Amino acid sequence: MSDIASLRELARQLRLDVLDITAGPGGHVSSAFSAVEILTAMYFGGVMRYKPEEPNWPERDRFLLSKGHAAPLYYPVLARAGYVPLEKIKSFRQRGSGLHGHPIQGSFPGVESSSGSLGQGLSIGLGHVLAGRLSGLSYRVNVLLGDGECEEGQIWEAAMAAAHWKADNLLAVVDHNKYQQTGPIAREMSLAPFAEKWRAFGWEVAECDGHDIADILAKVQAMQQVTGKPQVIIAHTVKGKGVSFIEKDFSFHGRSLSPEQDAQAREEIRCQ
Amino acid sequence: MPIGARAGLKPADQLRNYAGQGMLEAAQLNPKVVVLDGDLGNSTGAHEVKKAFPDRFFNIGIAEANMVGIGAGLASCGYIPILTSLGSFLWYNAYDQARLSVALAGLNVKFLGSHSGFSTGREGPSSMGTEDIVLASALAPMTVLVPCDPVSMRKLVVAACAHVGPVYIRSSREPLPHVYAEDVQFEIGRANVVRQGTDVTLIGCGLMVPVALDAAAILAEEGIQARVLDMHTVKPLDVAAIMAAARETGAIVTGEEQVRTGGVGSNIARVVAETYPVPMRVLAIPDVFPDTASPAEIMQDCGLTAEDMAGAARELVAVKCAA
């Protein structure tokens with residue numbers, strides 16, 4: 001499945017999946033919604049090699065979810081990619097299910113790293129890069145970061161080291177939805193000038209509309225041609241994308257929807 | 001009098017040299033072993049691997065959080081990374097990373113922290129590793145090793161790399177006397193009896209093993225025969241050895257270069273309380289940051305000298321006899 005129309009349909013379905021699995025136990029719906037098209041493009045757009053039937057295939061391209069609060073999106077993506085039956089994700093946040101509120105490596109097939117405390121995924125990805133060099137394997141390593149997450153110092157330690165080692169098989173994608181938990185990033189702790197920071201650290205930078213799957217794929221493919229330095233795509237997104245009343249209210253971060261809100265959200269998504 | 005002199009131990013050697021030899025030996029034995037350095041490779045012994053296997057050595061720079069994350073990635077791909085820095089920098093700068101990136105999935109990462117305890121004495125309390133054992137031990141899957149002499153340093157680094165799962169190996173800046181001959185055997189989780197005795201047991205780890213042997217020499221002059229255990233694996237503790245000590249000697253003194261709250265002695269006391277309660281004394285760093293001073297002075301300030309340990313043992317023997 002790689003034509004854009006079917007990918008958009010898949011993205012619509014994934015938003016419904018997020019609502020399905022968070023309806024009881026809760027979860028970060030708005031942070032998941034902003035990343036739907038990014039994960040759709042990465043997993044289903046033909047830009048990563050992976051074998052769901054062999055999750056630890058040594059030559060697989062890696063995808064590390066550093067913003068672990070997008071878990072309610074990540075599990076449906078992994079299920080629809082074929083790692084587990086879709087039925088399995090209904091046990092999100094349930095005891096003994098392995099579907100931790102924030103993904104834990106080794107607990108669910110396809111989860112490459114543990115997350116839930118921000119800032120750690122880029123360093124882990126860099127470890128995969130070094131391992132690939134030692135093993136002589138040519139896989140690529142993709143890491144999804146949140147924008148608020150980029151306030152963590154470890155991100156910039158990893159950014160510095162990745163450029164130092166010319167890690168040109170490393171791609172960071174930032175889900176730049178412009179909000180952290182307590183408000184707009186520009187107001188709470190500005191990242192500006194964001195692209196310039198990455199460039200100053202020695203990275204190749206591209207920006208895209210993070211809800212335009214064709215644009216995301218074009219930028220990923222372009223970045224995969226870059227040599228000699230790591231790459232970052234700043235994907236401009238909308239927190240809560242797809243549901244009007246969540247888009248307008250950042251306080252939905254980590255907050256569950258009421259039954260009425262859930263019904264309205266489904267209606268909006270179905271009509272898209 | 002230097003540590004170990006009363007007990008007649010062979011003179012001290014630098015642990016970093018033996019840690020370096022251990023890392024080199026592990027790297028020779030297993031091509032998956034790689035070394036990450038927090039820009040202290042000439043202080044920790046890590047440069048031994050850099051010289052022999054430059055492709056398997058990475059200076060991460062002064063960025064411990066990043067180092068732990070990179071180690072997690074390497075371990076996820078089947079490598080066995082040894083992360084090297086001062087024990088204080090590893091555990092205080094990167095605890096969240098050790099917990100989340102490594103421990104939650106039980107990744108096969110080795111943490112080698114040098115200059116631990118108060119061995120950096122004159123550098124001041126900021127870089128002292130006085131809570132590293134507590135922090136490492138608190139992480140569920142972590143094995144924690146505290147070698148007490150040069151030979152055990154080398155052998156336990158090799159053993160740690162052969163063990164599957166995360167391990168913290170603690171080294172020191174201070175040279176330590178030789179407790180062991182070259183042919184000694186180590187098993188992770190099994191304490192070594194380094195002196196037989198039936199009146200009281202002195203349980204030490206690291207520096208406090210030769211101190212305990214000195215204390216045992218003092219006590220022997222008074223007719224008290226102290227057993228000395230090298231609890232080189234402080235997690236998981238050797239419960240059988242602790243129970244045997246309680247049952248057979250009836251009194252236990254522990255010594256460690258660590259804060260007393262949540263430290264090795266308190267963990268041993270839990271085992272004793274739950275299995276075979278006997279009188280105990282826990283010698284450790286009290287709830288005060290040590291002053292800038294020589295390690296010998298700090299040992300005096302903290303009540304961790306051989307005389308202190310002998311005194312605690314003497315009290316317990318009196319308690320035991322009065323009972």
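I will start with the division of chain B. Its domain assignment gives domain 1 (10-178) and domain 2 (192-322); such bounds come from an automatic or database domain assignment. This is a predicted model, in which local features need pLDDT of at least 70 and side-chain atom pairs count only at pLDDT 80 or more, while totals for chains, interfaces and linings use all residues. Residues are numbered from 1 along each chain as its sequence is written, and chains are lettered from A and ligands numbered from 1 in the order in which they are written.

Back to the two domains. Their C-alpha centres in chain B are 26 Å apart. Across the boundary, 27 residues of domain 1 of chain B are in contact with 25 residues of domain 2 of chain B, where contact means C-beta atoms, placed from the backbone, within 7 Å. On the domain 1 side, the elements that give two or more residues are α7 (132-137), β6 (143-145), α8 (150-162) and β8 (176-178) of chain B. Helices here are DSSP runs of H or I with at least four residues, and strands are runs of E with at least two, numbered from the N terminus. By class, that side of domain 1 of chain B has 14 nonpolar, 9 polar and 4 charged residues. Ala, Val, Leu, Ile, Met, Phe, Trp, Tyr, Cys and Pro count as nonpolar, Asp, Glu, Lys and Arg as charged, and the others, Gly among them, as polar.

Now chain B as a whole. There are 13 helices and 14 strands in chain B. What would a compact globule of 323 residues have as its radius of gyration? The value would be near 20 Å, and chain B agrees with 19 Å; this radius is taken over C-alpha atoms, and the globule rule is 2.2 Å times the number of residues to the power 0.38. Along the principal axes, the C-alpha atoms of chain B fill a box of roughly 60 × 40 × 40 Å. Of the contacts in chain B with a separation of 6 or more, 78% are between residues 24 or more positions apart.

Next, burial. In chain B, 63% of the 323 residues are buried. Buried means 20 or more other C-beta atoms within 10 Å of the residue's own, exposed means 12 or fewer, and partly exposed is in between, with C-beta atoms placed from the backbone. The largest nonpolar core has 196 residues, and Val157(B), Leu202(B), Ala215(B), Met309(B) and Ala313(B) touch the most other members. This core draws at least three residues from each of domain 1 (10-178) and domain 2 (192-322) of chain B. A nonpolar core is a set of buried Ala, Val, Leu, Ile, Met, Phe, Trp, Tyr and Cys residues joined through C-beta atoms within 7 Å. Leaving aside residues up to four places away in sequence, Ala215(B) touches Leu202(B), Ala226(B), Ala306(B), Met309(B), Ala310(B) and Ala313(B).

Some backbone details. Most residues other than glycine have a negative phi, and most peptide bonds are trans. His115(B) has a positive phi near 55°, and His115(B) is buried, with 26 other C-beta atoms within 10 Å. Lys178(A) has a positive phi of about 75°, and Lys178(A) is partly exposed, with 17. A cis peptide bond joins Lys235(B) and Pro236(B), with omega about -5°.

Last, the contact between chains. Chain A and chain B give 22 residues each. On the chain A side, α5(A) gives the most, with 9 residues.

Technical notes:
Contact = placed C-beta atoms within 7 Å.
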